[in-house]
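I opened this entry to keep a record of what I looked up, in the order in which I looked. The structure comes just below, and my notes follow it.

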Amino acid sequence: MRVGLIGAALAAAVAAAPVAAQDVAKMTEESRAAAGGFAQKLGGELKQAISQGGPDGAIGVCRNIAPQIAGELSLRNGWQVTRVSLKTRNALLGIPDAWEQKVLAEFDARAAKGEDPAKIEFAEVVAEPAGQYFRYMKALPVQPLCLSCHGGPGDIAPAVRAKLASEYPHDRATGYSAGQIRGAITIKRPL
Ligand code: HEC
């Protein structure tokens with residue numbers, strides 16, 4: 001049974017491999033900068049597209065530019081970067097895994113207790129069967145700008161509603177009001 005014991009000892013060592021606090025702080029800082037840049041760039045593109053072509057013309061920005069920015073960040077850094085939500089519009093990219101669901105629920109609870117949603121974030125080193133990961137999430141609060149595509153029936157123009165219905169028949173991402181948390185930018189980084 002020696003092999004079994006050594007195997008068990010190795011598994012314990014892998015699971016417990018410590019990550020220094022300063023490394024976590026550095027990775028948190030890097031993730032915060034990447035997520036902040038992502039949100040800012042997307043917001044800028046959205047504002048510009050809405051002012052040029054109205055919200056129905058801007059749907060393509062959220063559909064094409066957001067995954068493009070996320071893809072560039074992923075490739076450049078060797079991380080997995082995407083946007084997730086508890087109520088997705090695009091299930092292909094946006095459904096959170098178990099860890100992300102837990103963090104999103106905590107984000108809602110933190111906002112309900114009065115924390116500023118624009119500053120809500122969470123970072124953790126997580127052990128998974130394939131290894132250790134540094135994981136980071138930054139909340140995306142609903143701003144007035146978002147309501148034209150994620151708000152209630154009174155916020156969404158008929159042309160936008162029609163386009164969303166045809167492009168996203170399983171859309172769950174409406175009915176929000178300003179200040180709620182729409183979802184999060186999530187970053188997963190192998191260690
Ligand atoms: C012009 C319409 C439009 C506006 C304005 C808009 N969105 Fe979206 N949003 C979309 C579309 C379309 C998708 C689906 C994108 C895709 O196919 O990946 C989406 C997807 C998302 C997702 C990914 C998760 C999911 O549900 O699929 C998040 C998070 C999100 N939007 C947040 C926001 C926030 C925050 C704002 C305001 C800053 C905003 N959106 C403004 C149209 C819009």
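**Arg189 and its surroundings**

I began with Arg189, which, leaving out residues up to four places away in sequence, touches Met27, Glu30, Trp79, Gln132, Tyr133 and Phe134; contact here means heavy atoms within 4.5 Å. Before going on I noted that this is a predicted model, in which local features need pLDDT of at least 70 and side-chain atom pairs count only at pLDDT 80 or more, while totals for chains, interfaces and linings use all residues. I also noted that residues are numbered from 1 along each chain as its sequence is written, and that side-chain values use heavy atoms, with hydrogens and water left out.

Arg189 sits in strand S4, which covers residues 181–190; helices (H or I, at least four residues) and strands (E, at least two) are DSSP runs, numbered from the N terminus. I found Arg189 to be buried, at a relative accessible area of 15%, where buried means under 20% relative accessible area, exposed over 50% and partly exposed in between, computed with a 1.4 Å probe on protein chains only. The side chain of Arg189 also has a polar contact of 2.6 Å with the side chain of Glu30. A polar contact is a pair of N or O atoms within 3.5 Å; within protein, one must be able to donate a hydrogen and the other to accept it, and residues adjacent in sequence count only if both atoms are side-chain atoms.

**Other residues of strand S4**

I then turned to Ile181, also in strand S4, and found that it is buried, with a relative accessible area of 10%. Apart from residues up to four places away in sequence, Ile181 touches a list of residues that includes Phe107, Ala111, Ile120, Val142 and Tyr176.

With residues up to four places away set aside, Gly183 touches Val84, Ser85, Leu104, Lys138, Ala139 and Leu140.

**The ligand and His150**

Which protein atom is a donor to the iron atom of the ligand? I found that NE2 of His150, at 2.1 Å, is the only protein donor; donors are N, O and S atoms within 2.8 Å of the metal (3.2 Å for Na, K and Ca), and water is not among the atoms, so sites may look incomplete.

His150 lies in helix H5, residues 147–150, and is buried at a relative accessible area of 10%. I listed two polar contacts of its side chain, one with the side chain of Arg89 at 3.4 Å and one with the side chain of Arg182 at 3.2 Å.

There are 22 residues around the ligand, and Cys146, Cys149, His150, Tyr168 and Arg182 come nearest; a residue is near a molecule or strand if one of its heavy atoms lies within 4 Å of it.

**Two packed helices**

Helix H2 (residues 21–77) packs against helix H6 (residues 158–167) at an angle of about 35°, their axes 9 Å apart. Axes are lines fitted to C-alpha atoms, for helices over the stretch in contact, and angles run from 0 to 180 degrees between N-to-C directions. On the H2 side I listed Pro55, Asp56, Ile59 and Arg63, and on the H6 side Ala159, Val160, Lys163, Leu164 and Glu167.

**The whole protein**

Last, I looked at the overall layout: the protein has six helices and four strands, which follow the pattern α-α-β-α-α-β-β-α-α-β along the sequence. Its C-alpha atoms fill a box of roughly 70 × 30 × 30 Å, taken along the principal axes, and 37% of its 191 residues count as buried.
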